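Please keep the sequence and the 3D view at hand while reading.

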Amino acid sequence: MEEELKNQARLIWQKLLEANNILFIAHQRPDGDASSSLCLMAGVAKALGKKFTAVCADPLPAQFSFLANFSQIKSGFAEIKLADFDLIMTLDCSDLQRTAYPDLFLRAPEQCLIEIDHHPNLNPQSNWQLRSSIFASTTEALHFLLVENNYPLEAKAGTAILAGIIDDTGAFLYPSTSPRTLTVAGQMIDLGANLQKILAHTASGQSNSALKLLGTAMARLKINRTYNVAISYLLPADLAGLDNDDTNGISGRLSNLPGVRAILLLTDNGQGVIKGSWRSREDGADVSALAKAMGGGGHVRAAGFTIYGRLAEEKGKLKLTRLCPPETLSVALQAGA
Ligand SMILES: [Mn+2]
């Protein structure tokens, strides 16, 4: 397994060295891992003397402005012409849709597509992939790529790598944290990565509104003892006026609940769409199967789905109205304590 990843890393590095103009692109509504991955690779491309553009559909959250190269990451695709690039590298994207850049589907066959991510997925469109759930974050996968190819890491790169790890593991709280993750984190601190600054700006340094939202989700937590599953939810009124960033990581923060096999967080964005996030602990249920049953996907410990519907509270109970035209299906979720 590790040998196969090493081979991939060497081949991908070769492609990077051969490229004339590289497009780095992360997923829309970027989180800490996507932001750190873009900043890290902008620095690497500069050090290699490569022509490049690093872009995301949405601006990187301002809390990550302490990362080197932050100001060089573009947002939106208005000024991007896909034909200019001979290599496209997606970062932290389970598939091409996550970039929200439709032109990617129209790329010419000679334009090389490489995907770096920590969610296992097989994407027939891409030429090369470095994906494995042995990595807790995309920056951990990028660390593997860089170290395998003897790239000289320094403190700034170390900060970006560690920031991605800390944000995606909730500061080492989530089950994705492996001995490998902790070893890489330790090495990055040795390199001079600024741990305190990262902690202040990521997982534990959440905004007031994010903490209140977490409190709301925690207060509503109910355990269904039939299935030993915990459920919580967020309604449109809870999310009014908040950033997308504020909902990031809430399901992860709830995932350490002892004694339950899985936790489900339902979020109604007020636009007829409900997002479901499943999380489980090391000894819990395989939530990828649960998400798949709802038309979604993910991995064993973290998975999700999206359905058309609405959430409401009625007499202290959660009511989920599924909107599936032409008929409207009503399902009351029995989340009895
Ligand atoms: Mn990630």
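Helix H1 (residues 2-18) lies across strands E1, E4, E5 and E6, and runs at about 130 degrees to E6. Helices (H or I, at least four residues) and strands (E, at least two) are DSSP runs, numbered from the N terminus. Angles run from 0 to 180 degrees between N-to-C directions, and the axes are lines fitted to C-alpha atoms, for helices over the stretch in contact. The model is a predicted one: local features need pLDDT of at least 70, side-chain atom pairs count only at pLDDT 80 or more, and totals for chains, interfaces and linings use all residues. Residues are numbered from 1 along each chain as its sequence is written, and side-chain values use heavy atoms, with hydrogens and water left out.

**The sheet and the helix packed on it**

- Helix H2 also packs on the sheet, where it touches E1, E2 and E4; contact means heavy atoms within 4.5 Å. The direction of H2 makes about 170 degrees with that of E2.
- The sheet is open and has 6 strands in the order E3-E2-E1-E4-E5-E6, with parallel pairing. Two strands pair if DSSP finds at least two bridges between them.
- E3 and strand E6 (128-131) stand at the edges with a single partner strand each, so one side of each has no neighbour in the sheet.
- Strands of a sheet pair through backbone hydrogen bonds, either parallel or antiparallel.

**Strand E1**

- Strand E1 (residues 21-26) runs parallel to E4, and 5 bridges join the two. Ile-25 has Thr-90 as its bridge partner in E4.
- E1 also pairs with E2 in the parallel sense, over 5 bridges. The partner of Asn-21 in E2 is Lys-51.
- Because 6 of the 6 residues of E1 are buried, the strand is largely enclosed by the rest of the structure. Buried means under 20% relative accessible area, exposed means over 50%, and partly exposed lies in between (1.4 Å probe, protein chains only).
- Both faces of E1 are covered: Asn-21, Leu-23 and Ile-25 are buried on one side, and Ile-22, Phe-24 and Ala-26 on the other.
- In a regular strand the side chains alternate between the two faces of the sheet.

**Helix H4**

- Helix H4 (residues 155-168) has 14 residues, which should span 20 Å at 1.5 Å a residue; its end C-alpha atoms are 20 Å apart, in agreement. The expected span is 1.5 Å times one less than the number of residues.
- In H4, 12 of the 14 residues are buried, so the helix is largely enclosed by the rest of the structure. Among these buried residues are Ile-161, Leu-162 and Asp-168.
- The cover over the buried residues of H4 includes helix H2 (32-47), helix H3 (138-148), helix H5 (179-191) and helix H6 (195-201).
- Glu-154 caps the N-terminal end of H4, with a side-chain oxygen 3.0 Å from the backbone nitrogen of Lys-156.
- Gly-170, which follows H4, has a positive phi near 55 degrees.

**The manganese ion**

- The protein donors of the manganese ion are Asp-33 (OD), Asp-92 (OD), His-118 (NE2) and Asp-168 (OD), at 2.2 to 2.4 Å from it. Donors are N, O and S atoms within 2.8 Å of the metal (3.2 Å for Na, K and Ca); water is not among the atoms, so sites may look incomplete.
- Asp-92 and Asp-168 are both buried.

**Individual residues**

- Most residues other than glycine have a negative phi, and most peptide bonds are trans.
- Asp-92 is not a glycine, yet has a positive phi of about 65 degrees; its relative accessible area is 3%.
- Asn-69, also not a glycine, has a positive phi of about 75 degrees. Asn-69 lies in the loop between strand E2 (51-56) and strand E3 (74-75) and is buried, with a relative accessible area of 16%.
- Ser-37 belongs to helix H2 and is buried at 0% relative accessibility. Leaving aside neighbours within four places in sequence, Ser-37 is in contact with Leu-91, Thr-138, Thr-139 and Leu-142.
- Asn-121, in the loop between E5 and E6, is partly exposed at 32% relative accessibility. Asn-121 and His-299 are 178 residues apart in sequence and 9.4 Å apart in space, C-alpha to C-alpha.

Methods
A polar contact is a pair of N or O atoms within 3.5 Å; within protein, one must be able to donate a hydrogen and the other to accept it, and residues adjacent in sequence count only if both atoms are side-chain atoms.
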